[in-house]
Amino acid sequence: MTRSAHRTHRPLRITGAAAATLLMLSACADADSDADASSGAAGDKISGTVTVFAAASLKESFTELGKRFEKEHPGTKVAFNFSGSDSLAASITSGAPADVFAAASAKTMKVVTDEGAAAGTPATFIRNRLQIATLPGNPEGIKSLKDLTASGLKVVLCDKEVPCGSAAQTALTAAGVEVTPVSYEQDVKSALTKVELKEADAALVYRTDVKAAGDKVEGVEFPESAKAVNDYPIARLEDAPNPAGAKAFLELVQSPEGQTVLTAAGFLKP
């Protein structure tokens, strides 16, 4: 009886020890799994410089998004090249190193996609429309596109090859108006600067640029702007030096956070 009871009790002690061992092994396995997961996350970390070529009209909003990107991904830097979309497209197709291209028109983006320089299909992430920018207080009393034809009025337009210039020509044609500008500018910021410096009485620019200028200019809406709305496409570039960073920046631009920044600047949702 005693030996039998001893045999019965001994396996129970072994089972208890085995269970303790299994628990220890399980804990070690969980720790190893956590370490592996942490290692994987580190491996996916975004780093380095992300070079973004973007239309001049995106300067204020993209600069803000760049700061947010760098904060969300410590150790990164977003380097911007803001200019006219056509000149940026020409630089990209000529081999200029960049990760992301954000254009002010689908036509300009097509220059890049036709050369096979874009990775995947560009996505329209925002839209924009024109306003007449005048001197503060609108001293010339400009209320419509027709008013831009007044004798002695100094008007500035973007070059016809630039998206804002193409949109301006579309709007002027829709209004049946012909304007002879004192100058054609290579990007929308240059056109607006002419008014800010009082070198021109008015300019046809994007509403976002009028808003960004604050009290330096005054914006005048006109109905024909609805016929000249520009879609803004964005794409990661095929030869992007930092493809992971490019993908992450595109995701930020298209995220609710990115859209909030852009619409606050006066852009329209696509």
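**Cavities and pocket**

Modeller: Happy to! This is a predicted model, and its largest cavity holds about 70 Å³ of space.

Colleague: How many cavities of 30 Å³ or more are there?

Modeller: A cavity is a space where the probe fits but cannot get out. With the cut-off set at 30 Å³ or more, the count comes to 2 cavities.

Colleague: Which residues lie nearest the centre of the largest cavity?

Modeller: Its lining is made up of 8 nonpolar, 4 polar and 1 charged residues. Of the 13 lining residues of the largest cavity, those nearest its centre are A55, A56, S85, A104 and V162.

Colleague: Which element gives the largest share of the lining of the second largest cavity?

Modeller: That cavity has about 50 Å³ of space, and its lining includes S57, L58, T208, D209 and A212. Two elements, α2 (59-72) and α7 (207-213), each give two or more residues to this lining. The largest share, 3 residues, comes from α7.

Colleague: And the largest pocket: which elements give two or more residues to its lining?

Modeller: The largest pocket has about 240 Å³ of space. Its lining has 18 residues, with S105, K107, T108, E161 and S166 nearest the centre. Two or more residues each come from α3 (85-93), α4 (106-114) and α5 (163-175).

Colleague: How many charged residues are in the lining of the largest pocket?

Modeller: Let's go by class. The lining of the largest pocket has 9 nonpolar and 5 polar residues, and the charged ones number 4.

Technical notes:
Residues are numbered from 1 along each chain as its sequence is written. This is a predicted model: local features need pLDDT of at least 70, side-chain atom pairs count only at pLDDT 80 or more; totals for chains, interfaces and linings use all residues. Side-chain values use heavy atoms; hydrogens and water are left out. On a 1 Å grid over the protein atoms alone, a cavity is a set of points where a 1.4 Å probe fits but cannot get out, and a pocket is an open set with protein on both sides within 12 Å along at least five of seven lines; lining residues have an atom within 4 Å of a point. Grid points are joined across faces, edges and corners, and a volume is the space filled by probe spheres set on the points. Ala, Val, Leu, Ile, Met, Phe, Trp, Tyr, Cys and Pro count as nonpolar, Asp, Glu, Lys and Arg as charged, and the others, Gly among them, as polar. Helices (H or I, at least four residues) and strands (E, at least two) are DSSP runs, numbered from the N terminus.
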